[in-house]
Amino acid sequence: MGEVPPTHPRYKSLMARKMLTDAAAAGLLADSALIAHGRGEAFDYLLGEMTCRSAREAIRETAAHLLAAKQPVISLNGNSVALAASELLACAAVLGCAIEINIYYRTPERMAALLSTMEQRKNEAAEHFPELKSQIIAVPILGANPDTKIPNLDGPRANCHSDGIFAADVILVPLEDGDRCEALVAMGKTVCVIDLNPLSRTAKMATVTIVDELTRCAPLLLDDLQKGMIAPNDNWNNEYNLHEVTKQMLRILE
Ligand code: ATP
Ligand code: MG
């Protein structure tokens, strides 16, 4: 995006749009992906496009759950691959866990494009995070051969790997859909989500909700994971955290 200088006040937002439109052109995204991003942008404007204190706490809590997990997994859709593949690969590398691609509008072409993009992004991630290079290269990218289903969920988005999402005790899902979040919680999993809309069904259903923009919070999550040694808070109150973020968004009315 040569025409937009990094000093442009909307530089980050414009770059994110560029990453998504490029990904759409490469066949990685469903048509509705750009609409979902636009909804996120609107909420981010209300947040002042900053990681608020409540979001920072939710990032720490998510890191704590992932570090304490027996078998964590990171589930990615098209938007999260387009926006934050490198950082999320680095998170999986630190955790020694798999990444599973799971998309709402599943077509063989889009799945193949996302899986090969993830394999390509491993090199870019290894360059960004050289200290994690061998672990990044070793991150299993699942999604090609789902052999089981998430119970009580309609459609192809229920398809998953028995050694991936199905078996995981803790799952990180950026930009999850409400129905699937509910079904994962019903399976007894600890579900940590990233969603800029604190009012969405996803935000309300999840065990821990990070109300922050994906590209902004992924490096912070990686930081927390690399520091390690954080215990999950038994008294985590997700509803309270969402309430605090919503208050933050409405502060302009005060
Ligand atoms: P739900 O299914 O949870 O009731 P929804 O149907 O309104 O919510 P979806 O279209 O399923 O929403 O998912 C898009 C969600 O992802 C939106 O809530 C949006 O705020 C959020 N989102 C989009 N882009 C980003 C981003 N870059 N970072 C964080 N959140 C994002
Ligand atoms: Mg939805």
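Is K122 buried or exposed? At 6% relative accessibility, K122 counts as buried, where buried means under 20% relative accessible area, exposed over 50%, and partly exposed in between (1.4 Å probe, protein chains only). The structure is a predicted model, in which local features need pLDDT of at least 70 and side-chain atom pairs count only at pLDDT 80 or more, while totals for chains, interfaces and linings use all residues. Residues are numbered from 1 along each chain as its sequence is written, and side-chain values use heavy atoms, with hydrogens and water left out.

View 1. K122 belongs to α5 (residues 108-128); helices are DSSP runs (H or I, at least four residues) numbered from the N terminus. Apart from neighbours within four places in sequence, K122 is in contact (heavy atoms within 4.5 Å) with L89, I136, I137, A138, V139 and I141.

View 2. The 14 residues of α2 (residues 33-46) should span 20 Å at 1.5 Å a residue, and the end C-alpha atoms are 21 Å apart, which agrees; the expected span is 1.5 Å times one less than the number of residues. Buried in α2 are A33, H37, G40, E41, F43 and D44. They lie on the same side of α2 because they cover an arc of only 170° around the axis, taken from the directions from the helix axis to the C-beta atoms. These buried residues pack against α1 (11-25), α4 (78-95), α9 (214-227) and α10. On the face turned away from the buried side, α2 carries the exposed residues I35, R39 and Y45.

**View 3. Positive phi angles in loops.** Most residues other than glycine have a negative phi. E49, in the loop between α2 and α3, is not a glycine, yet its phi is positive, about 50°. With a relative accessible area of 30%, E49 is partly exposed. M229, in the loop between α9 and α10, also is not a glycine and has a positive phi of about 55°. M229 counts as exposed, at 84% relative accessibility.

**View 4. The second largest pocket.** A pocket is an open set of points on a 1 Å grid over the protein atoms alone, where a 1.4 Å probe fits, with protein on both sides within 12 Å along at least five of seven lines; lining residues have an atom within 4 Å of a point. The lining comprises C52, R53, S54, E57, Y240, N241, E244, K247 and Q248. Its largest share, 5 residues, comes from α10.

Definitions and conventions:
Chains are lettered from A and ligands numbered from 1 in the order in which they are written. Helices (H or I, at least four residues) and strands (E, at least two) are DSSP runs, numbered from the N terminus.
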